[in-house]
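Have the sequence and the 3D view open while reading.

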Amino acid sequence: MTAATSVAIAPGATDPLSSSLVRAIADTVRELGLDAPPVASRHEERLPDALISVGLPLLYHDSRDGSAATRQIAWFGEPLPRRPDGVGRPAPFGRPVMAAALRRLGRPGRLVRGVPLPARLDGLRAAAYVERERQVNLAAALRRARAVDLVVVTSRDRAAVLAGFGIAARVVPFGYHPTLAGPIVTDTDGRDIPAVAFGSGLTWSSRRARGLQACAKHLGPDRLVLAGATWGKERDGLLRRSRILLDVHRIPGNFIGLRILFAAAAGAVLVTEPLDDPHPFVPGRHFVEAPLDALAQAVDELLADEHRRQQIVEASQTFITGPLSMAASVRAVLA
């Protein structure tokens with residue numbers, strides 16, 4: 001680890017997930033025996049040895065930017081564009097065109113999100129919003145990279161995208177900490193919810209909404225609970241009652257390491273679509289993957305094989321409390 005004795009953590013956003021992530025990193029810094037001072041002005045007399053900024057907001061506060069006395073580190077897990085050379089498939093022509101149109105519309109463009117459209121156009125619109133988000137995140141990442149000493153991303157495919165722009169990013173996924181994902185639950189008995197699904201945007205015709213509706217139709221309300229956007233203790237409580245966390249990707253192929261952490265800590269198994277690059281998680285060992293049209297069947301099969309489900313829980317819990325603990329991740333970031 002670096003010789004740093006004080007590490008400040010700068011939040012990039014104030015949503016519940018980002019806030020719990022920042023708290024978990026700050027708690028870990030203290031547990032490692034380092035000071036975690038609050039982020040204040042760059043003109044403060046005693047600056048921290050390092051500043052870890054978490055996330056990529058569009059208007060990043062510059063609390064310590066430009067300070068030569070502080071090592072600046074940007075650590076983020078926001079989705080970036082897929083590479084067109086095998087890591088991800090290139091988007092059809094219509095998606096970037098529509099995404100550019102939505103970008104020009106800006107805030108008024110949100111008004112057209114829920115307007116009913118024919119199925120093909122509806123899918124194109126949903127994909128265009130995803131494309132727009134990826135491009136906006138890329139622009140923010142490139143700006144941020146120019147202002148920091150080190151860029152850290154949570155997946156190898158994100159690092160590969162940034163490498164194409166001449167940015168060498170370190171790959172360190174966010175690790176497990178009870179502040180972030182709740183305590184480790186080893187008791188798998190008495191779970192009254194076979195499968196649960198979380199996610200915002202379920203009220204309009206998004207890709208996730210359509211996929212979860214199809215799974216719900218197959219599984220029925222007795223085996224799948226659609227919880228919507230749920231955070232913190234409420235989310236952890238539902239997961240501790242569930243055997244499976246079902247996930248349909250809002251952004252296809254996007255690395256969702258945090259969802260694996262949340263499920264594993266609570267003693268549930270994530271069943272999700274294939275990730276472009278799941279490293280360091282291993283499909284079949286730490287989570288279950290299946291194509292969208294086979295997700296419900298994968299849930300069926302796992303519910304029918306409790307021994308296999310518990311094996312995945314045990315393997316994933318061993319992984320997140322050891323090699324992928326938040327302490328291990330923070331050490332890797334500061335190294």
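## Terms and model

Two strands pair if DSSP finds at least two bridges between them. Helices (H or I, at least four residues) and strands (E, at least two) are DSSP runs, numbered from the N terminus.

This is a predicted model, in which local features need pLDDT of at least 70 and side-chain atom pairs count only at pLDDT 80 or more, while totals for chains, interfaces and linings use all residues. Residues are numbered from 1 along each chain as its sequence is written, and side-chain values use heavy atoms, with hydrogens and water left out.

Strand β3 covers residues 71-76, and five of its six residues are buried (under 20% relative accessible area; exposed is over 50%, partly exposed in between; 1.4 Å probe, protein chains only).

Strand β2 (residues 50-54) runs parallel to β3 and is joined to it by five bridges; Ala 50 has Arg 71 as its bridge partner in β3. Strand β4 (residues 150-153) is also parallel to β3, with four bridges between them.

## The five-stranded sheet

Five strands form an open sheet in the order β7-β6-β8-β9-β10, with parallel pairing. Its edge strands, β7 (224-228) and β10 (288-289), each pair on one side only. Strand β6 (residues 193-198) is joined to β7 by four bridges, and Val 196 has Val 225 as its bridge partner in β7.

Helix α8 (residues 257-266) packs on this sheet, touching β6, β8 (242-247) and β9 (269-272); contact means heavy atoms within 4.5 Å.

How values were computed:
Axes are lines fitted to C-alpha atoms, for helices over the stretch in contact, and angles run from 0 to 180 degrees between N-to-C directions.
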